[in-house]
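Open the model in your viewer and keep the selection tool at hand. The stops below follow one another.

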Amino acid sequence: MKVLIIGAMPDHINRNLAMKSYLTQGFAEILGPGQVKETGLYFACDLLNSFKPDMAVVFGSCMPHESEYSFIKKCCNKLDVALVFWMHDDPYEFDFKYKIADYADLIFTNDRWASYHYGRKNVFHLPMAASPATHHRPVDGQKSIDIFFCGVGFENRLTLLDGLKPVLEQFNTQIFGDGWDEKNLPFTKNQRIPNAILPDYYAKSKITLNMGRNLHYANERYMLTPSTPGPRTFEAGMSGALQMFFVDSLEITDYYKPDEEIILFNNVRDFEEKVKTFINDPGKALRIRKAAQKRTLRDHTYKKRAETILKTSALQLGLSF
Amino acid sequence: MDDKWKILLLGTKKRDPNYYICLAIEDALNKNPDVQLVINANYGNAIDKAVRHSCNLFLAYGGEEMDMEVCRRLAVACGRSAIWFTEDPYEFSVNQERAQLFDIIFTNDKASSLNYGPNAHHLPFAASKKFHFFHYPEKDENFLYDILFVGTAWPNRVNLIKALEPHIADLRYKFALPTNNLLPPFSLKQPKFTYNWRTPNNELARMANLSKITLMLGREFSASGNRAKADTPGPRLFETAMACGFQLLDDSISDFSSYFTIGKETVTFSGVNDCIEKIKFYLERPDSRKNIAINAQKRALSSHTYDHRVQEILDAASTLSPKAKIPATPHIHFHSKKPTILMVSHNVEGTVPFGGVEVYQGMIKNSLLDHYNFLFFIPDGPSVTDYVLKDADYNTLKRFQFDYSVEDGVFYNRERETTFGKILVDHEVSLVHFQHLFRHAFSLPFIAKALGIPTILTIHDYFLLCHSYNLIGYQGRYCQAPFIPPTSCDICLNASGHPGSQYMRHGFFSEMLKKIDLIHLNSSNTYEMINASFPMAKSFSRMEVFGIPVRKPYRPCRSKVNKKVFSVAIPGNFTRLKGADDVIQIMANLRHTDIQFHIFGHLTKHYNDVIDKMKFKNLTIHGVYDEDSLMKTLSAMDVSLHLSIWPETYCITLSEAWQCGVVPIVTNLGAPARRVKHNETGIIVPPHSPGHVVFEILKLKNNPDLHKKLQENITNNLWIENSEHAKWLAEKYNALISSSGSEKFSKADGYDPELSLADCNIFLLQDTWKARPVSPPMHVDTVKKRSFFYIQKALDYYHLYGFRALIGRLADEGRRRIQRRIN
């Protein structure tokens with residue numbers, strides 16, 4: 001079987017371009033390297049015609065105005081190629097689902113709650129993942145940061161950190177990224193960390209905060225609350241991070257076991273107790289890190305996701321691989 | 001009822017965070033053995049789907065934000081209708097009017113059901129196994145929380161939670177009290193992040209399952225002046241029971257005993273102190289909690305699923321007799337009164353400047369006036385904010401003025417959309433025939449479709465592909481679209497001073513074409529170009545090719561045997577797009593021959609000046625012509641030149657030339673090159689090649705036998721007669737009107753629709769394809785040419801419309817640019 005991975009938006013505007021290559025690698029590990037190719041959106045029809053895959057997987061976000069798929073659909077119809085979409089920005093951009101709903105043979109979405117709302121058949125939930133080659137780090141290395149996070153200072157994150165401030169200030173807390181209120185939260189720094197070295201930061205931190213986002217670009221129709229954790233959860237897991245997660249949903253427990261692979265907290269006292277436990281007991285923390293990494297390697301790689309896509313396609317569309 | 005149900009389900013709320021309930025109802029309907037088909041629609045496709053699938057029951061869910069006109073039409077289309085109001089008593093006052101549209105009323109609130117009349121039933125919420133079912137946790141240590149409450153921060157709830165807080169400090173409690181801007185601000189002892197969060201509904205059920213006690217607190221709040229307390233509990237009661245959660249219910253709000261047996265399937269409390277006592281009591285009794293939770297789940301499964309609710313709805317609906325239904329299969333039938341066709345266009349005949357599109361509209365109207373009423377919705381002259389509705393005699397029936405100005409058009413504009421919907425209803429429009437979308441909101445077809453009105457789009461040029469509807473690029477030539485990479489378009493847009501995204505335009509029109517029932521192309525060439533640009537269009541719409549008719553049935557006449565002067569006609573307005581620059585070179589090259597040239601049509605000042613300077617002795621300018629005088633004069637011509645530099649979609653002057661027995665020379669672009677067979681019914685030459693044209697003219701002049709042979713090949717199957725076209729179009733109108741049933745639910749006193757593009761589930765980040773320039777022009781020449789271009793454009797505008805109109809147009813343009821900067 002041959003698979004073509006197509007970026008859902010043009011490469012030059014795709015900030016998550018690396019994920020497309022992770023998925024390609026994942027398919028290649030199952031099907032063999034010669035059986036899988038990847039391409040940017042603009043060249044999809046050319047590759048469909050020359051490579052003649054059995055299945056095309058359009059992966060990413062369909063929000064940009066360049067993301068229009070009628071030509072790809074026409075080409076797939078002509079060549080009898082199954083057209084699969086895997087959306088990775090639901091529900092933040094969910095209102096744009098109309099762009100793919102009429103064309104897809106199968107849809108996968110990163111968000112479980114969103115998967116119920118597509119209004120058509122053959123929609124499946126498929127969370128993001130991590131790449132062993134890119135994100136794996138030794139778990140027992142030196143730890144120079146107590147509590148770490150890297151990301152944009154969305155409103156929900158600012159509220160959370162503001163509430164945890166009395167605890168965070170007791171430790172070597174380093175929060176990087178953009179949009180942080182450095183004055184009010186002095187442990188934050190508006191400094192970006194390149195994706196290539198972010199796993200190093202996870203690996204050298206004793207604790208990593210896991211905070212979702214509540215900024216939506218196009219989520220007015222159903223105002224869906226995000227359900228499934230994003231790719232950073234799995235990337236941090238692969239890097240051997242000990243993640244601490246404020247519970248606003250229990251779906252996280254479907255991916256990591258509480259108290260063994262991830263630590264949940266509900267209030268400041270709960271957070272403080274657990275932070276102190278793991279800072280003061282490196283052995284216990286190491287067990288969690290190892291378990292998280294092991295779980296990620298077993299269940300949350302792009303190879304695993306590729307397997308799911310292939311099995312679902314076999315069941316729903318009769319494709320064999 | 002013998003037939004199975006085919007149900008059109010519509011959630012009326014346009015932005016619904018609790019849409020999962022509608023999904024649960026859909027799921028239950030699909031499982032019901034008496035249901036053959038369920039269509040869960042949105043406002044954009046509901047009527048169309050109801051008619052196509054011959055639905056026999058319209059079920060509206062919710063009631064909030066209902067578009068009354070769409071629902072009225074759905075009730076007519078399906079023959080039977082029911083509504084389940086889910087926001088009573090809070091929305092009761094407006095629901096009373098909404099209820100009039102339906103045969104049967106269901107309401108979540110018991111007290112409200114007594115006030116809707118005899119056909120009203122109380123129907124409480126329920127739970128869905130799909131979203132809410134969980135097994136009771138195996139071990140006590142599996143519970144994550146002692147106490148849980150998740151729900152909107154209604155003031156009564158906040159007060160109770162605040163009163164509880166000091167007494168449960170040592171317990172593992174989890175609260176979520178998300179708020180909104182209608183509610184008073186509040187704070188609890190814990191930091192805001194601990195209680196200001198939301199979770200998906202299925203996760204809420206999971207949390208209830210893993211909590212020893214879940215508090216059930218009703219709502220006591222109405223922003224609409226209605227009763228603030230419901231008599232029936234909300235969905236959470238049933239969902240938590242399905243999740244096998246042990247619930248402590250506040251008995252001050254609703255009567256629970258109808259749904260769950262107190263003491264056996266649920267426990268109530270009365271006031272804060274009783275709540276605290278019962279929390280303590282049941283935390284110490286895990287077996288009691290387990291028994292009660294399991295009993296509650298059994299009760300939910302046996303009596304309180306959406307399967308049960310749906311069965312009640314269907315049982316009530318089966319007592320209804322169907323009203324007259326809309327036939328789903330198309331057939332031609334005679335209408336009891338003349339249907340009304342609304343033409344959407346950029347102008348009508350008689351309002352200068354007008355051209356082929358307006359003439360075509362006039363021909364249709366005149367040919368079919370005995371069978372249809374015609375209306376026209378067009379911009380009011382050169383204005384970008386004023387529009388008019390005209391009748392078949394082009395009298396103005398109504399004027400509209402919009403706040404937001406558009407230049408060549410916008411993707412969406414709520415004001416224009418709602419006005420258009422109102423026109424369609426007020427004038428009982430049975431079909432909309434889009435002739436052109438220039439200066440309109442491009443979303444109008446969505447609105448027509450949402451109201452169940454069929455649509456035809458006639459493609460006269462390439463406005464769907466590019467704002468430069470003739471596809472002349474920044475280099476002044478046909479750009480070869482659509483057979484170029486999309487990035488070529490964005491480069492051309494930027495270089496020509498119209499930066500933007502062709503992708504965005506293309507993407508939008510791909511969606512819009514799905515709403516067109518019949519795409520009418522004038523030629524096979526246009527079909528190929530539209531098909532190449534929008535390859536999936538024919539999967540959703542019919543695409544048919546039918547040429548533009550000539551106005552009168554002339555017959556070709558042969559050239560006079562004794563005719564000594566060889567005459568060349570240039571019919572149609574003398575413009576650069578029609579190849580005027582090349583014609584001038586041709587005339588210059590042949591100025592000293594005895595060949596006579598005749599220009600028919602309007603000349604701009606620029607070409608008037610050029611021709612004045614050239615002082616051609618063998619040229620006659622006939623100017624603007626009426627059709628009879630044109631045909632008489634044209635019959636004396638030997639050759640006609642149709643040297644357009646853009647791929648014309650049909651070229652009516654070619655038909656007129658043939659009608660008069662004139663041999664055409666056409667450029668190898670667009671429809672003319674397909675219609676003419678080279679060296680049989682005319683001559684085809686490369687574009688921008690006056691030398692080729694001169695050669696062919698001289699060849700024909702010097703070879704009368706060849707010229708005669710070409711003339712003899714001209715027969716009347718080369719063009720379309722008006723009667724033929726009218727018959728074809730009437731068949732299309734009739735078939736579409738019949739199959740849509742739009743006549744049956746059109747009603748002059750219908751409700752004002754409030755439909756917008758977003759209501760049709762189409763979302764865009766901006767209303768236009770235009771953007772800021774990505775880079776300055778590449779070289780100085782381009783800047784100079786662009787400046788000259790704008791000056792020339794202004795001068796042309798002045799000559800056409802006059803000084804006052806020019807000032808007005810410049811002011812509009814200035815306002816538009818300022819508005820864009822502000823946005």
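**Strand, helix, interface**

Select strand β8 (residues 173-176) of chain B: B:Y173 and B:F175 point one way, B:K174 and B:A176 the other way, and all are buried (under 20% relative accessible area, with exposed over 50% and partly exposed in between; 1.4 Å probe, protein chains only). In a regular strand the side chains alternate between the two faces of the sheet. Helices (H or I, at least four residues) and strands (E, at least two) are DSSP runs, numbered from the N terminus.

This is a predicted model, in which local features need pLDDT of at least 70 and side-chain atom pairs count only at pLDDT 80 or more, while totals for chains, interfaces and linings use all residues. Residues are numbered from 1 along each chain as its sequence is written, chains are lettered from A and ligands numbered from 1 in the order in which they are written, and side-chain values use heavy atoms, leaving out hydrogens and water.

Next, select helix α8 (residues 201-209) of chain B, where nine of nine residues are buried. Among the elements they pack against are α5 (112-115) of chain A and β9 (211-216) of chain B (contact means heavy atoms within 4.5 Å).

Now show both chains. How many residues of chain B are in contact with chain A? There are 49, and they touch 45 residues of chain A.

Finally, select A:D102 and B:K514, which form a salt bridge with the closest N and O atoms 2.8 Å apart (a side-chain nitrogen of Lys or Arg within 4 Å of a carboxyl oxygen of Asp or Glu). Two salt bridges are counted between chain B and chain A.
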